[in-house]
Amino acid sequence: PEPEPEPELSADEKKKKEVREKADAEKAKGNAFYKQKKFEDALTSYDKAFEIDSTNCLYLSNKASVYMAMKKYEKAIEMCTEAIKVGNAHNAAYKDKSKIYTKLGKCQSKMKEYAKACDSWQKALDEHPSNEAERLLRQTKDYIAKIEKKSYIDPEKAEEHMAKGRQLASEKKWRDAIDEFTEALKRDPKNFKALSNRAFIYSKIMDWNNAIDDCEKCMAMAPDFVKIYIRKGRIEMFGLRRYHKALKAVNTGMEKNPNEKELKELKDLKREIMMAVQRGNYGEVDQRRIDEAQKDPEIRSIMSDPIIQQVLNQMKSDPAAGQRALQDPQIANKLEMLMAAGVLRTG
């Protein structure tokens with residue numbers, strides 16, 4: 001079938017079409033100059049295009065691109081702002097306005113006006129979906145957060161919050177103390193003692209999970225800080241009754257060159273742990289505790305150790321085999337861990 005003839009345009013429509021074609025011809029010249037980096041000539045052509053058709057915001061957007069290439073970001077911002085006004089006044093396509101807002105955000109970012117840039121990119125997304133605007137908004141928000149966090153760091157103020165936290169803890173104002181130690185960490189993310197103190201306070205309100213989490217973060221940050229192993233051992237024993245984890249914390253603390261006072265605390269705590277384990281040997285088997293312990297990778301590793309398996313098999317027929325095995329410090333530590341986990345019962 002023959003194509004249908006184009007509908008005849010009205011006189012007004014013909015005039016608009018002529019204006020648009022004439023303006024677009026100037027725009028094409030501007031684009032060619034832009035590619036040749038003849039920026040002043042490009043600006044002149046885009047000005048002519050806008051003089052011909054002052055309803056088309058894209059000609060102003062083109063001028064903004066030229067100013068960006070010239071690194072004249074203030075002028076580019078001015079052009080983008082004017083382009084948006086023209087676009088709103090003449091019902092420009094949402095997609096076109098989104099592109100202009102994206103361009104405006106880039107200029108503002110170059111001027112280090114990051115909050116304004118984020119606002120522009122959000123407006124771009126409000127006008128029309130844009131992967132570029134979404135990516136720029138996300139990256140810049142992350143960057144702003146990073147800068148704010150860095151500028152917030154102040155070790156001296158961290159120490160002030162530490163002192164307040166200790167005072168509040170002495171008054172048994174646990175929640176307020178947690179807030180102070182948390183603020184100390186924000187001011188100085190490397191302050192491992194704030195983690196240790198907060199772990200202690202969490203244990204006071206029986207928030208065992210957060211207490212353990214802070215202990216482990218502190219241990220990772222300051223592996224030779226003996227006090228945290230004592231603290232974790234107490235939380236694991238008295239709070240969670242995970243004796244094998246308490247024992248592991250104590251044994252690790254003993255390897256960290258504790259001073260005389262710390263060594264005494266570790267030895268006393270280990271004695272308490274093993275006494276609790278022995279008391280458990282005379283009661284009913286706590287299958288739930290055993291099942292939980294066997295989920296621990298370290299307990300599974302000990303259970304699969306060929307030497308430990310051999311010792312356990314010998315103990316079934318020869319109870320004295322266990323005493324002989326305990327003469328070896330490494331085997332003794334592993335057997336104690338199994339006893340603390342409830343997997344191995346003696347007596």
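Start by selecting helix α8 and helix α10: α8 passes α10 in a left-handed crossing. A crossing is left-handed if the near helix is turned anticlockwise from the far one by less than a right angle, and right-handed if clockwise. To find the two helices, select residues 155-170 for α8 and residues 192-204 for α10. Helices here are DSSP runs (H or I, at least four residues; strands are E, at least two), numbered from the N terminus.

The model is predicted: local features need pLDDT of at least 70, side-chain atom pairs count only at pLDDT 80 or more, and totals for chains, interfaces and linings use all residues. Residues are numbered from 1 along each chain as its sequence is written, and side-chain values use heavy atoms, with hydrogens and water left out.

**Stop 1, continued: α8 and α10**

Two packed helices are described by the angle between their axes and the distance between the axes. The axes of α8 and α10 come within 11 Å and cross at roughly 20 degrees. Axes are lines fitted to C-alpha atoms, for helices over the stretch in contact, and angles run from 0 to 180 degrees between N-to-C directions. Now show side chains: Met162, Arg166 and Ala169 of α8 meet Lys193, Ala194, Asn197 and Ile201 of α10. Contact means heavy atoms within 4.5 Å. These contact residues divide into four nonpolar, one polar and two charged. Ala, Val, Leu, Ile, Met, Phe, Trp, Tyr, Cys and Pro count as nonpolar, Asp, Glu, Lys and Arg as charged, and the others, Gly among them, as polar.

**Stop 1: from α10 to α11**

Stay on α10 and select Arg198 together with Asp214. Their side chains meet in a salt bridge (2.6 Å, N to O). The pair links distant parts of the chain, with Asp214 in helix α11 (residues 208-221) and Arg198 in α10, 16 residues apart. A salt bridge is a side-chain nitrogen of Lys or Arg within 4 Å of a carboxyl oxygen of Asp or Glu. Are Asp214 and Arg198 buried or exposed? Both are buried (buried means under 20% relative accessible area, exposed over 50%, partly exposed in between, with a 1.4 Å probe and protein chains only).

**Stop 2: other salt bridges**

The whole structure has 20 salt bridges. Select Asp119 and Lys123, which form one at 3.4 Å, N to O. Being four residues apart in helix α6 (residues 114-127), they are separated by about one helical turn. Asp119 is partly exposed at 40% relative accessibility, and Lys123 is partly exposed at 35%.

Next select Asp224 and Lys256, whose side chains meet in a salt bridge at 4.0 Å, N to O. Asp224 is in the loop between α11 and α12, and Lys256 in the loop between α13 and α14, 32 residues apart. Asp224 counts as exposed at 57% relative accessibility, whereas Lys256, at 22%, counts as partly exposed.

**Stop 3: helix α19**

Select helix α17 (residues 306-317) and helix α19 (residues 329-341), whose axes come within 11 Å and cross at roughly 70 degrees. The two helices are therefore roughly perpendicular (that is, 65 to 115 degrees; angles under 35 count as roughly parallel, over 145 as roughly antiparallel and the rest as oblique). Ile307, Ile308, Val311 and Leu312 of α17 make the contact with Ile331, Lys334, Leu335 and Leu338 of α19. The contact residues divide into seven nonpolar, no polar and one charged.

By class, the contact of α13 with α19 has five nonpolar, three polar and two charged residues.
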